[in-house]
Amino acid sequence: SSSSSSSSSSDTTTTIPKLFVATDDCTILPTLRKARPQWMFISECDNLSEPQTGYEISGMPKMNEERREQHFRKFFIELYAMSLAKVFIGVSYTNVSWFAYMMRPNVDKATFVLLDRIGLQERTISQW
């Protein structure tokens with residue numbers, strides 16, 4: 001989705017892209033924010049006491065109750081946000097993408113974009 005803001009020095013309206021980033025590797029957020037400082041990146045990663053650097057099921061038993069609670073809260077909030085997004089952009093090799101797809105039954109299928117299905121996996125943030 002996007003947000004509009006008006007500049008007080010002129011009558012032009014600028015659209016600022018607003019992107020919800022759902023990821024199990026929160027270390028990507030600083031890279032995104034540095035590459036596009038004018039964009040608004042929203043993520044549940046910003047609410048974690050310790051950043052996630054990926055998901056490994058073997059790490060779940062090692063999490064204390066608070067971290068496990070944060071992990072699952074983040075996961076379900078992200079899944080809910082992805083299901084309601086105007087446009088979903090993801091990859092086909094994660095179950096989360098398919099969960100989000102199934103939660104979007106009455107949404108135009110053209111708004112569900114899988115980068116690896118259309119040959120964009122090699123694109124970098126600088127190409128957007």
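**Exercise 1. Describe how helices α2 and α3 pack in this predicted model.**

Let's take it step by step.

- Step 1: The axes of α2 and helix α3 (residues 95-102) lie 8 Å apart, and the two helices pack at an angle of about 50 degrees.
- Step 2: Angles under 35 degrees count as roughly parallel, and 65 to 115 as roughly perpendicular. The pair α2 and α3 is therefore oblique.
- Step 3: Now for the handedness: α2 and α3 cross in a right-handed way.
- Step 4: On the α2 side, F75, L79, M82 and S83 make the contact, and they meet V96, F99 and A100 of α3.
- Step 5: Sorted by class, this contact of α2 with α3 holds six nonpolar residues, one polar residue and no charged ones.

**Exercise 2. Decide whether H71 is buried, partly exposed or exposed, and find its contacts.**

- Step 1: Start by placing H71 in helix α2, which covers residues 65-84.
- Step 2: Buried means under 20% relative accessible area. H71 has 12% relative accessibility, so H71 counts as buried.
- Step 3: Set aside the neighbours within four places in sequence; H71 then touches Q52, Y55, M60 and M63.

Methods:
Residues are numbered from 1 along each chain as its sequence is written. This is a predicted model: local features need pLDDT of at least 70, side-chain atom pairs count only at pLDDT 80 or more; totals for chains, interfaces and linings use all residues. Side-chain values use heavy atoms; hydrogens and water are left out. Helices (H or I, at least four residues) and strands (E, at least two) are DSSP runs, numbered from the N terminus. Buried means under 20% relative accessible area, exposed over 50%, partly exposed in between (1.4 Å probe, protein chains only). Contact means heavy atoms within 4.5 Å. Axes are lines fitted to C-alpha atoms, for helices over the stretch in contact, and angles run from 0 to 180 degrees between N-to-C directions. Angles under 35 degrees count as roughly parallel, over 145 as roughly antiparallel, 65 to 115 as roughly perpendicular and the rest as oblique. A crossing is left-handed if the near helix is turned anticlockwise from the far one by less than a right angle, and right-handed if clockwise. Ala, Val, Leu, Ile, Met, Phe, Trp, Tyr, Cys and Pro count as nonpolar, Asp, Glu, Lys and Arg as charged, and the others, Gly among them, as polar.
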